Amino acid sequence: MELSSATCARFEREVDKYPADQKQSAVMACLAIVQQEQGHVSPAAEDAVAAYLGMPPIAVHEVTTFYNMYNQQPVGKYKLNVCTNLPCQLRDGDKALKHVCSRLGVEPYGSTPDGLFTVQPSECLGACADAPVVLLNDRQMLSFMSHERLDELLETLKAHP
Ligand code: FES
């Protein structure tokens, strides 16, 4: 995969934040840029990032697969990460995941056929006291997500396809 000059310019701005011999420190930022532009990080994109940063492709793949904010395949317009880690499990995080999946007719990690929603279980999102919690599109934390609030969320998002 060939990176566009615009993408390379964005990469360069990230690389410039680190000493010249540590450009691979920009790997997370470069992967985030790829995802922002393409919606997910494909194996070809990982290879392109690796080549740009002078890293082994497997090292880039390790980063992509370690953090679940990186999408390894296309996802819906709205990605819902429902925390199912232990503290949230104790406050109905698992039930929240099942409720969302049931409402949307998908399995965990599945997407709706219209491409609007992807639902994923998530590790701790750092808001355990607010359980159940949902992270929307890797950016917006939603707290105290009772079934009623989840239904409201889904209806609101469906109204903005
Ligand atoms: S365990 Fe769910 S936010 Fe921490």
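Predicted model: local features only at pLDDT ≥ 70, side-chain atom pairs only at ≥ 80, totals over all residues.
# Why is it called that?

Me: What makes something a pocket?

Reply: On a 1 Å grid over the protein atoms alone, a pocket is an open set of points where a 1.4 Å probe fits, with protein on both sides within 12 Å along at least five of seven lines; lining residues have an atom within 4 Å of a point. By that rule, the second largest pocket is lined by 14 residues, with Asn68, Tyr70, Gln72, Tyr109 and Gln120 nearest its centre. Helix 4 and strand 2 (117–122) are the elements that give two or more residues to this lining, and strand 2 gives the most, with three.

Me: Which residues and which element line the largest pocket?

Reply: There are 14 lining residues, and Gln35, Met69, Asn137, Asp138 and Arg139 lie nearest the centre. Helix 2 gives the most, with three residues. By class, the lining has four nonpolar, six polar and four charged residues.

Me: How do you know where a helix or strand is?

Reply: Helices (H or I, at least four residues) and strands (E, at least two) are DSSP runs, numbered from the N terminus. The protein has seven helices and four strands, in the order α-α-α-α-β-α-α-β-β-β-α.

Me: Methionine 28 lies in helix 2 (residues 27–38). Is methionine 28 buried, exposed or partly exposed, and how do you know?

Reply: Buried means under 20% relative accessible area, exposed over 50%, and partly exposed in between (1.4 Å probe, protein chains only). Methionine 28 has 31%, which falls in between, so this residue is partly exposed.

Me: What does methionine 28 touch, and what makes that a contact?

Reply: Contact means heavy atoms within 4.5 Å. Leaving aside residues up to four places away in sequence, methionine 28 touches Val63, Tyr67, Met69 and Tyr70.

Me: In helix 4 (residues 57–66), Val60, Val63 and Thr64 are buried. How do you know which part of the helix these buried residues line?

Reply: Take the directions from the helix axis to the C-beta atoms. For the buried residues they fall within an arc of 100 degrees, so these residues line one face of helix 4. That buried side packs against helix 2 and helix 3 (43–53), while the face turned away carries the exposed residues Ile58 and Phe66.

Me: What makes two rings an aromatic pair, and how many are there?

Reply: Rings of Phe, Tyr and Trp (its six-membered ring) pair if their centres lie within 6.5 Å; planes under 30 degrees apart count as stacked, over 60 as edge-to-face and the rest as tilted. By this rule there are four aromatic pairs.

Me: What kind of pair do phenylalanine 11 and tyrosine 52 form, and why?

Reply: Their centres are 5.2 Å apart, within the limit, and their planes stand at 75 degrees, over 60, so the pair is edge-to-face. Phenylalanine 11 lies in helix 1 (residues 5–15) and tyrosine 52 in helix 3, so the pair ties together parts 41 residues apart in sequence. At 0%, phenylalanine 11 is under the cut-off and therefore buried, whereas tyrosine 52, at 22%, is partly exposed.

Me: What about phenylalanine 66 and tyrosine 67?

Reply: They form an edge-to-face pair too, with 4.8 Å between centres and 80 degrees between planes. Phenylalanine 66 has 64% relative accessible area, over 50%, so this residue is exposed; tyrosine 67, at 32%, is partly exposed. Ring pairs link Phe66, Tyr67 and Tyr70 into a cluster.

Notes:
Residues numbered from 1 in each chain as written. Heavy atoms only, no water. Nonpolar A, V, L, I, M, F, W, Y, C, P; charged D, E, K, R; others polar.
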